[in-house]
Amino acid sequence: MPIGGQKQSPVAHEAPSALVDGFELTAKWNRQYESRVIEDYDCGPLFDLAALPGAESIEWCFGCGKCVPVCPVDLVGEYGPRKLHRKLQLGTDLLDDPDLWLCTTCGNCLRVCPKLVDMTQIMPAAREAAIDQGRAVPDELQQALHATAKYGNVMGASPRRRSAWTKTAGVAVRDLQHEPGAVRYLLLVEDYWSYHPRGNDAARALARILHQLGLDYGILGAGERTLADSQRLAGEKGLFELMMEQLVPELERQDFEAIVTADPHALNALLKVYPEYGHRFTALHYTQLLAPLVDQLSFTTPLKTKVTFHDPCYLGRQNGEYEAPRRLLQAIPGLELVEMMRSRENSYCCGGGGGGMWLDAHVAGHTRERLAERRVREAAQTGADVLAVCCPYEVSRFEDAIKSTGLEGQLQVRDIAELLDAALGGAAAVAPETSAAVS
Ligand code: SF4
Ligand code: SF4
């Protein structure tokens with residue numbers, strides 16, 4: 001049966017006895033009370049899903065259930081790989097089921113799964129099939145995909161405004177569209193740091209830090225496009241490829257040693273997905289660039305505050321970086337770092353990955369609590385004053401969650417770049433007319 005139909009499972013009863021290797025085994029002998037009811041399931045939808053390229057591993061599940069307690073969605077709802085597998089066995093068509101849009105591709109289930117059932121591949125494959133077949137796609141996600149296709153960024157903002165944030169950074173930021181030439185580092189700012197007001201704060205903070213370190217870097221300005229890795233995981237591989245076709249020639253036109261990005265999702269695309277298409281770049285998250293250089297920073301303003309850190313799924317679990325952010329936080333004078341119960345490999349998910357950033361209304365309709373709300377409660381339980389982040393999705397997600405959970409006044413959200421910048425004296429510590437040093 002093609003993915004799409006639900007079939008009533010016929011019900012049968014266990015045979016009263018069976019001859020096995022010449023021995024008669026009776027159901028009565030084997031069961032304490034009565035013979036079992038046996039259901040004959042239609043596994044067609046499960047097999048159809050497993051036939052999609054990338055989704056093969058859904059068939060490998062043997063039902064151990066290890067994945068459910070670590071799935072961040074199950075903690076706030078009724079969803080986990082084992083539960084999904086069971087629904088598929090019972091005839092559910094995932095392509096028409098709300099579960100299709102719940103997985104954030106955080107990767108925590110894969111970490112514990114003995115059979116390597118990989119939801120970070122299964123879900124994008126199923127979503128791509130749903131989009132291709134014209135199945136229902138949540139409105140908010142459709143809008144995000146449309147904006148990405150039209151403007152090259154998910155915010156639907158003008159590409160010409162990409163570098164507007166630099167004007168109030170307090171230091172010059174070299175826009176390679178206007179000041180071409182070789183740089184050591186190419187900073188891919190990505191969408192939320194380019195356009196969101198709170199992302200702009202972190203981008204300006206990083207510019208001031210890079211300035212103090214005297215690093216030679218530039219941005220692509222209007223030439224930048226999103227890497228669209230989350231759009232890929234939301235099922236739009238074609239859109240990912242379209243963005244890649246626009247961005248790669250721009251990258252190849254530039255002369256640089258390494259790409260630095262604030263966005264773990266962009267980093268994931270550069271390190272893991274671009275090579276599949278033959279595009280290889282050296283790429284670093286900004287915390288990885290700064291961590292070995294932190295001793296060169298001249299801190300002037302101790303931050304007497306208790307901070308807890310949220311590991312972004314696509315920096316930590318997906319790309320193995322847990323230490324660089326912590327090293328930066330621990331270098332800030334006065335700052336006390338405390339860990340949440342779920343951290344590092346077992347970090348909770350903010351809910352923004354895998355397209356979740358643009359599925360909040362859908363997820364809210366199928367869970368008891370938003371993932372970001374759950375996470376800010378966990379952060380507050382540590383007694384921290386500040387929740388430190390280093391993924392552009394997280395500041396706005398967690399600030400909204402702090403408002404909706406009534407934690408305003410108790411917990412603040414700051415990007416690590418903002419915390420470093422504050423300890424360095426912030427905008428006041430740099431002369432507005434100073435140009436970014438080029439080494
Ligand atoms: S951990 Fe893997 S094998 Fe076990 S139930 Fe979950 S998906 Fe299936
Ligand atoms: S990838 Fe994360 S959200 Fe998706 S099923 Fe696995 S644990 Fe749950």
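Strand β11, helix α17 and strand β12 build a right-handed β-α-β unit; a crossover is right-handed if, with the strands pointing away from the viewer, the path from the first strand over the helix to the second runs clockwise. Helices (H or I, at least four residues) and strands (E, at least two) are DSSP runs, numbered from the N terminus. Please keep in mind that this is a predicted model, in which local features need pLDDT of at least 70 and side-chain atom pairs count only at pLDDT 80 or more, while totals for chains, interfaces and linings use all residues. Residues are numbered from 1 along each chain as its sequence is written, and chains are lettered from A and ligands numbered from 1 in the order in which they are written.

## The β-α-β unit

- Strands β11 (386–389) and β12 (412–415) run parallel and are joined by four bridges; two strands pair if DSSP finds at least two bridges between them.
- Across that pairing, Val386 stands opposite Gln412 of β12.
- β11 also runs parallel to strand β9 (residues 306–309), with three bridges joining the two.
- There, Phe309 has Ala388 of β11 as its bridge partner.
- Val386 and Ala388 point one way from β11, Leu387 and Val389 point the other way, and all are buried (a residue is buried if 20 or more other C-beta atoms lie within 10 Å of its own, exposed if 12 or fewer, and partly exposed in between; C-beta atoms are placed from the backbone).
- In a regular strand the side chains alternate between the two faces of the sheet.

## Helix α17

- Helix α17 spans residues 394–404, and its buried residues are Glu394, Val395, Arg397, Phe398, Ala401 and Ile402.
- These residues sit on the same side of α17, because they cover an arc of only 165° around the axis; the arc is that of the directions from the helix axis to the C-beta atoms.
- The buried residues of α17 pack against α9 (197–213), α16 (371–381), β11 and β12 (two residues are in contact if their C-beta atoms, placed from the backbone, lie within 7 Å).
- Just after α17 comes Gly406, with a positive phi of about 75°.

## Around the two ligands

- Ligand 1 is surrounded by 15 residues, and the closest are Cys61, Cys64, Cys67, Arg82 and Cys113; a residue is near a molecule or strand if its C-beta atom, placed from the backbone, lies within 6 Å of it.
- Helix α4 (residues 81–89) contributes three residues to the shell around ligand 1, the most of any element.
- By residue class, the ligand 1 shell holds nine nonpolar, three polar and three charged residues. Ala, Val, Leu, Ile, Met, Phe, Trp, Tyr, Cys and Pro count as nonpolar, Asp, Glu, Lys and Arg as charged, and the others, Gly among them, as polar.
- Ligand 2 has 15 residues around it, of which Cys71, Cys103, Cys106, Asn108 and Cys109 come nearest.
- Helices α5 (108–112) and α6 (119–132) are the elements that give two or more residues to the ligand 2 shell.
- The ligand 2 shell has nine nonpolar residues, six polar ones and no charged ones.

## Buried places elsewhere

- Helix α12 (residues 264–273) is largely enclosed by the rest of the structure, because seven of its ten residues are buried.
- The buried residues of α12 are Pro264, His265, Ala266, Leu267, Asn268, Ala269 and Leu270.
- They pack against β5 (185–188), α8 (190–195), α10 (229–233), β7 (258–261) and β8 (283–285).
- Ala125 belongs to helix α6 and is buried, with 21 other C-beta atoms within 10 Å.
- Apart from neighbours within four places in sequence, Ala125 is in contact with Leu52, Pro53, Gly54 and Ala55. Ala125 and Leu52 are 73 residues apart in sequence, yet their C-alpha atoms are 6.5 Å apart.
- Leu95 lies in the loop between α4 and α5 and is buried, with 22 other C-beta atoms within 10 Å.

## A hairpin and two positive phi values

- Strands β2 (residues 17–20) and β3 (residues 23–26) pair in the antiparallel sense over four bridges, and Ala18 has Leu25 of β3 as its bridge partner.
- β2 and β3 form a hairpin with two residues between them, and Asp21 in the turn has a positive phi of about 50°.
- Asp21 counts as exposed, with 5 C-beta neighbours inside 10 Å.
- Leu116, in the loop between α5 and α6, has a positive phi near 55° without being a glycine.
- Leu116 counts as exposed, with 8 C-beta neighbours inside 10 Å.
- Most residues other than glycine have a negative phi.
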